[in-house]
Amino acid sequence: QVQLVESGGGLVQAGGSLRLSCAASRRTYIMGWFRQAPEKEREFVARINWNNELTYYADSVKGRFTISRDNAKNTVYLQMNSLKPEDTAIYYCAAGAVVGSSSHHYNYWGQGTQVTVSS
C-alpha cells in the first residue's frame with residue numbers, strides 16, 4: 001500500500017501561481033497529477049519517473065506547470081504558474097508502477113486538493 005497526502009491547494013487570481021505537494025509513504029516508479037473539474041471527467045496533468053526524472057505534460061499545461069520530486073522526502077511537487085480560470089479543479093496525486101497517462105495506470109490516489117482560479 002502507498003499513502004499519498006496532497007497539500008498546497010487554494011484560491012488564486014488568474015495569472016498567479018500555486019505549488020502543490022504530494023507526500024508518499026514510499027517510493028513508486030511513476031508519480032502523476034490528475035485533475036477533475038465540476039461535471040467533467042478526471043484528466044491527466046503531468047507525470048514523473050522516480051529514477052530518471054523523465055517528465056510528461058498534458059498540452060493544456062505545458063509551459064505553465066512543472067512537476068518535480070524530492071527523492072529524500074518521497075515527495076512530488078506541481079508548480080503551477082500563469083494559472084487560468086479553466087485550471088480550477090480538484091487536483092489528485094497518483095502513484096503507480098507503469099508508465100502512462102491514463103487513470104488505470106495508477107494504483108494509488110490521494111484525497112485531492114482544491115485549486116480555484118478566479119478571473
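## Strand 3 and its neighbours

In this predicted model, S7 has S21 of strand 3 as its bridge partner, and this contact belongs to a pairing in which four bridges join strand 1 (residues 4–7) to strand 3, the two running antiparallel. Strand 3 also pairs with strand 8, again antiparallel, through six bridges; within that pairing, the bridge partner of L18 is M80 in strand 8.

Five of the seven residues of strand 3 are buried, so the strand is largely enclosed by the rest of the structure.

## The disulfide

A search of the whole structure finds one disulfide, which joins C22 to C93 with an S to S distance of 2.0 Å. Because C22 lies in strand 3 (residues 18–24) and C93 in strand 9 (residues 89–96), the pair ties together parts that are 71 residues apart in sequence. The link of C22 and C93 is left-handed, with -80° about the S-S bond, and both cysteines are buried.

## The nonpolar core

The largest nonpolar core contains 34 residues, of which M31, W33, L78, M80 and Y91 touch the most other members. At least two residues of this core come from each of strand 3, strand 4 (30–36), strand 5 (43–49), strand 7 (65–70), strand 8 (75–80), strand 9 and strand 11 (113–118), and strand 9 provides the largest share, five residues.

In soluble globular proteins, nonpolar side chains tend to be buried together.

Terms used. Residues are numbered from 1 along each chain as its sequence is written. This is a predicted model: local features need pLDDT of at least 70, side-chain atom pairs count only at pLDDT 80 or more; totals for chains, interfaces and linings use all residues. Side-chain values use heavy atoms; hydrogens and water are left out. A disulfide is a pair of cysteine sulfur atoms within 2.5 Å. Buried means under 20% relative accessible area, exposed over 50%, partly exposed in between (1.4 Å probe, protein chains only). A nonpolar core is a set of buried Ala, Val, Leu, Ile, Met, Phe, Trp, Tyr and Cys residues joined through side-chain atoms within 4.5 Å. Two strands pair if DSSP finds at least two bridges between them.
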